Amino acid sequence: MILAALEKEGVELVFGFPGGAVLPLYDTLYDAPLKHLLVRHEQAAVHAADGYARVTGKPGVVFATSGPGATNLVTGIANAYMDSVPLVLITGQVASQFIGTDAFQEADITGITLPITKHNYLVKSAEELPGILSEAFYIASSGRRGPVLIDIPKDVFDQEAYFDYNTECHIPGYNPTYTGHAGQISRAVKAIRDARRPVIFGGGGLIRSGASSVLRQLAEKARIPVILSLMGLGAYPGDGELFLGMPGMHGSVTANYALTEADLIVATGVRFDDRVTGKLETFAQNAKIIHIDIDPAEIGKNVVIDIPIVGDVRQVLEELLRKLKPGHTAKWLKQIETWQNKYPIPIGSSNPGGALKPQFVIRELSRLSDEDTIVATDVGQHQMWSAQHFAVRKPNAFLTSGGLGTMGYGFPAAIGARLAAPENRVICITGDGSFQMNIQELATVVNNKLDMTIALINNGSLGMVRQWQDIFFDKRYSHTTLKGSPDFVKVAEAYGARALRATTNEEATAAIEEAFATKGPVLIDFVVDPEENVYPMVAPNRPINEIITGGDY
Amino acid sequence: MKHILAILVENKPGALTRISGLFSRRGFNIDNIAVGETITPGIARMTITVEGSETVIEQVIKQLHKLVNVIKVSNLSNEPAVTRELMLIKVRAETGSRSDIQQIVETFRGKVVDVSPDSMIIEVTGNDDKLEAIKLLLDNFGIKEIVRTGKVALLRGSRVTREA
């Protein structure tokens with residue numbers, strides 16, 4: 001019955017790991033047409049489903065067993081919840097009569113995931129299943145997207161019930177608003193018309209709602225520069241004319257100055273995260289703020305909003321585009337150009353024969369990639385360098401753990417992306433710290449011959465934490481040096497993957513070219529300068545125009 | 001400022017946990033909470049008293065709306081509403097003090113619902129001020145135990161807080 005429901009929902013692939021409580025489910029999979037990717041740790045199954053969902057826009061589906069199987073999903077669920085990724089997670093539970101008895105492999109996973117799911121269910125009988133499955137898919141993939149978990153006791157898998165499945169469903173307490181309020185849209189049009197120093201500040205909502213093309217038209221028609229949060233990268237081309245980069249802690253100087261000096265911020269599908277706003281009291285004091293978001297609770301949560309518009313970002317931007325005229329922003333764009341010329345992002349140019357710089361590696365990956373390349377990053381310095389130096393040109397092409405900051409996300413997410421988009425090149429940019437959090441998935445990529453480049457930015461330390469120790473903790477590098485890491489080339493080879501090592505610029509370029517030309521998984525161990533830090537930087541809870549610059553240009 | 005929220009919620013397992021969990025998770029303070037059935041089968045009504053500024057309350061209401069089981073949230077503090085709470089008080093009552101207690105209870109239109117050789121249980125209904133006042137007076141005799149239902153409230157007039 002579950003597989004029949006998944007078929008009705010158009011699910012082609014699930015990610016999972018079997019166990020006692022889901023034996024009946026896995027037994028039906030044995031001769032079903034539905035594809036299943038076996039991972040080596042349940043956390044990788046969620047991240048892979050998350051990557052798959054970000055690329056396809058459809059909910060990623062995960063199977064896991066009760067107890068530890070379910071609790072291993074927790075980090076991945078929290079990650080998807082923070083980044084609004086649609087997932088449907090099906091976990092086995094101990095048989096109904098054992099619930100609450102501390103039975104073998106029992107964990108209250110609906111209780112545990114209550115705060116990190118959009119909704120969750122504990123199924124009581126098979127009769128409830130069709131209704132719950134259909135609600136779960138509907139909730140996960142509508143409104144503000146998010147993960148939904150369904151916990152199914154083992155005996156329920158064995159029950160028979162009438163299967164009447166309806167993909168449409170009505171839930172009394174759940175009615176997302178898609179169309180923006182006409183009066184508010186008119187106010188927004190007027191505010192944009194009157195603005196002299198406007199910026200568009202867009203985020204993940206642009207990508208989830210498929211608003212990239214309308215955003216581009218709107219920015220170009222009204223001549224408004226675009227700033228994208230980490231989650232929004234790709235919604236406007238990273239090498240586009242009006243693009244100012246990412247704002248906030250490791251954002252570009254121009255983006256931070258523009259937000260500070262703007263008289264109008266058109267915030268679309270963003271949630272004003274602390275990494276973006278810095279010290280709230282000093283954030284964008286000169287600006288009127290229009291905030292367009294599908295989630296009313298995001299409006300006014302962190303920042304006071306002048307013109308709130310609740311609705312689907314794409315629909316609202318389409319309305320705005322119809323009503324907008326070219327703006328008077330020439331002088332403002334000139335000012336911005338001055339900042340851009342004066343404050344480029346440091347590229348870490350090194351002396352000839354000097355240590356390999358991570359920024360160079362990312363820039364080479366970007367240069368040698370086509371516009372359809374999908375990048376999945378892990379978390380840390382390499383993530384910020386990727387955000388700064390990889391020109392993401394399309395939406396759904398930059399997969400990163402934005403809200404939760406989950407080390408270990410990137411590699412499995414790249415697996416999901418690989419399966420979601422068989423034609424596109426997939427690169428996992430990771431670090432020696434992050435990679436070791438899900439390194440076991442080398443078995444999955446080798447076993448399934450998954451074509452991807454794993455670019456390991458190896459600086460021998462937990463670089464981002466080390467950077468903070470460097471700046472805020474008097475260089476007391478407490479437990480951030482990763483002694484005892486393996487030879488990553490040998491590890492990859494032991495799993496049966498190809499592996500290369502690069503220690504100079506020339507080797508780096510050659511290795512990237514070779515990896516891109518090779519079918520199947522290739523790992524490149526880029527041994528980079530361990531002293532390199534990410535700049536520019538704004539210290540936490542400081543005004544975003546108070547910028548620490550550094551590094552080589 | 002204190003706000004009284006009326007929340008209509010699908011009467012499903014875990015609905016109460018979802019709501020109370022939301023309050024603690026987001027750092028909102030619940031003063032008290034009362035739950036019961038409504039005239040519509042399957043729908044329960046919670047009355048929650050919560051302390052906070054207008055901005056905080058707006059965020060509370062929006063977050064509550066995000067819960068799938070929550071059908072409607074109304075802030076009754078912005079409207080004329082009747083608010084009541086029921087309190088049971090077990091008070092020390094030796095033979096000599098019983099009539100004095102009785103008098104206080106009558107003044108507050110309460111009821112004596114149980115009498116034992118050295119104590120009485122008093123039932124009293126009202127708003128905060130009234131309950132606090134009688135508590136203060138009975139304290140002189142020695143309050144042994146108190147239980148309160150939490151506030152419930154209805155809008156005045158013919159308007160109703162309904163699911164549709």
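Modeller: Chain A and chain B bury about 1400 Å² between them, with 53% of it on carbon and sulfur atoms. This is a predicted model, in which local features need pLDDT of at least 70 and side-chain atom pairs count only at pLDDT 80 or more, while totals for chains, interfaces and linings use all residues. Residues are numbered from 1 along each chain as its sequence is written, chains are lettered from A and ligands numbered from 1 in the order in which they are written, and side-chain values use heavy atoms, with hydrogens and water left out.

Colleague: Why is the pair B:Lys66 and A:Asp295 called a salt bridge?

Modeller: The rule asks for a side-chain nitrogen of Lys or Arg within 4 Å of a carboxyl oxygen of Asp or Glu. The closest N and O atoms of B:Lys66 and A:Asp295 are 2.5 Å apart, so the pair qualifies as a salt bridge. The count between the two chains is 1 salt bridge.

Colleague: Why does A:Phe283 count as buried?

Modeller: Buried means under 20% relative accessible area, exposed over 50%, and partly exposed in between (1.4 Å probe, protein chains only). A:Phe283 has 7% relative accessibility, so it counts as buried. Leaving aside neighbours within four places in sequence, A:Phe283 is in contact with residues including A:Leu259, A:Val303 and A:Ile544. The C-alpha atoms of A:Phe283 and A:Ile544 are separated by 7.2 Å, although the two are 261 residues apart along the chain.

Colleague: Why is strand E7 of chain A described as largely enclosed?

Modeller: Strands (E, at least two residues) are DSSP runs, numbered from the N terminus. In E7 of chain A (residues 198–202), 5 of the 5 residues are buried, so the strand is largely enclosed by the rest of the structure.

Colleague: How do you know that E7(A) and E10(A) pair?

Modeller: Pairing requires that DSSP finds at least two bridges between two strands. E7(A) and E10(A) (residues 264–268) are joined by 5 bridges and run parallel, so they pair. Within E10(A), A:Thr268 is the bridge partner of A:Gly202.

Note on methods. Helices (H or I, at least four residues) and strands (E, at least two) are DSSP runs, numbered from the N terminus. Buried area is the accessible area (1.4 Å probe) that two parts lose on being put together, summed over both. Contact means heavy atoms within 4.5 Å.
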